[in-house]
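Subject: Handover of a structure

Dear colleague,

Please find the structure below, together with its sequence. A short account of the findings follows it.

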Amino acid sequence: LCEERLYRPLAMTSTSSRFADYMAHENRAIPHVKRDGRWQVTPQQRDPDAQSPAGGASSNVTDLAAWMCLELDQGTFAGQELIPAAALAPVHSPQAVSRVPPNPSKDQAWFYGLGTDINYTMFGTPQWSHSGAFNLGAATTYYLLPAAGFGIVALTNGEPVGAPEAVTLTVLDIVQGAATIPDWLAILTPVFTQIDAATYTLGRDWTTAPASVTRALVNETYTGMYQNAFYGDVEIAARGDSLMLRIGPEPREFPLTHFDRDTFTWQPTGENAYGLSGLTFALGDDGTASSFFDQYLASDGPGRLQRKAP
């Protein structure tokens, strides 16, 4: 539907909502993540088909320039109406308050349309924008000034650190004649650092082991099937001398790293997987694990899973 109604009429020949099309491009951006202060290629390529078309579109700035023209001209492109202006209006109109002004006498309220941030410039004219990002290696943003017919988009192949926002906000200050232009990257860096902080770790630093570590018990203490009503069956399996967490319908495997006695860590993947998670087993009367609790799993549902009866 996107290809038929949007991409093809706008001649967006490098745009698709299919992951296979993105991977078929020889000249495509490769996602990067920042680890220990250094940028590296994302270990596992993210397949966004489950989120298409909203979170699974691939494109380039040339194609997105055509899309911005469509937005700025209220659904018309090159004299042809592709979307009725009345149908597009709710996208560009405040539908909800996204920020209540701390001081209404001097601070602006921020609003949200349909998939669009609605704000106002220093001159009181509308400003449409949105940022999108995936922690596995992509960060994008665009800004539109409909009264001026101006738009800018920035695409990056790295996890979100505020870089595309800093570029676009600097350009907006320039084109609007701002007397002074702040260092937007310096302003945004702590904001994105806070966003990037893993809430599920509850402030625990899982990268630093205790000064005195107690050895884990034998693997057979922990291996087996566990379950709860939310996650279904989850397996703790042995692979060589190590343990693996096997979860999901595929299932997916995640190595467990020993931390201390019956606690292990593992690295989740996904948009909100910002750091290591701690997984702790509880032992039953027979000396084997009767359940485990995981912090990451607890962030989206019940984090305790009981050993499944044989």
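The buried residues of helix α5 are P164, E165, A166, T168, L169, L172 and D173; buried means under 20% relative accessible area, exposed over 50%, and partly exposed in between, with a 1.4 Å probe and protein chains only. Please note that this is a predicted model, in which local features need pLDDT of at least 70, side-chain atom pairs count only at pLDDT 80 or more, and totals for chains, interfaces and linings use all residues. Residues are numbered from 1 along each chain as its sequence is written, and side-chain values use heavy atoms, with hydrogens and water left out.

Helix α5 covers residues 163–175. Helices (H or I, at least four residues) and strands (E, at least two) are DSSP runs, numbered from the N terminus. With 13 residues, α5 reaches 19 Å from its first C-alpha to its last, close to the 18 Å expected at 1.5 Å a residue; the expected span is 1.5 Å times one less than the number of residues. The buried residues of α5 pack against β8, β9, β10 and α6 (184–196), where contact means heavy atoms within 4.5 Å. After α5 comes G177, with a positive phi near 70°.

**The sheet**

An open sheet is formed by six strands in the order β5-β6-β7-β8-β9-β10, with antiparallel pairing; two strands pair if DSSP finds at least two bridges between them. At its edges are β5 (96–99) and β10 (150–156), each of which pairs on one side only. On average, neighbouring strands of this sheet are turned by 25° against each other, direction ignored. Axes are lines fitted to C-alpha atoms, for helices over the stretch in contact, and angles run from 0 to 180 degrees between N-to-C directions.

Three bridges join β5 and β6 (residues 110–112) in the antiparallel sense, and V97 stands opposite F111 in β6. Helix α3 (residues 61–72) packs on the sheet and touches β8 (126–134), β9 (138–145) and β10. The direction of α3 makes about 145° with that of β10.

**A buried threonine**

T116 lies in the loop between β6 and β7 (117–120). This residue is buried, with a relative accessible area of 3%. Not counting residues up to four places away in sequence, T116 touches V91, F111, W128, S129, H130 and Y142.

**Cysteines**

The structure holds zero disulfides, a disulfide being a pair of cysteine sulfur atoms within 2.5 Å. For C2, the nearest cysteine sulfur is that of C69, 19 Å away. C2 is partly exposed at 24% relative accessible area, and C69 also counts as partly exposed, at 43%.

Yours sincerely
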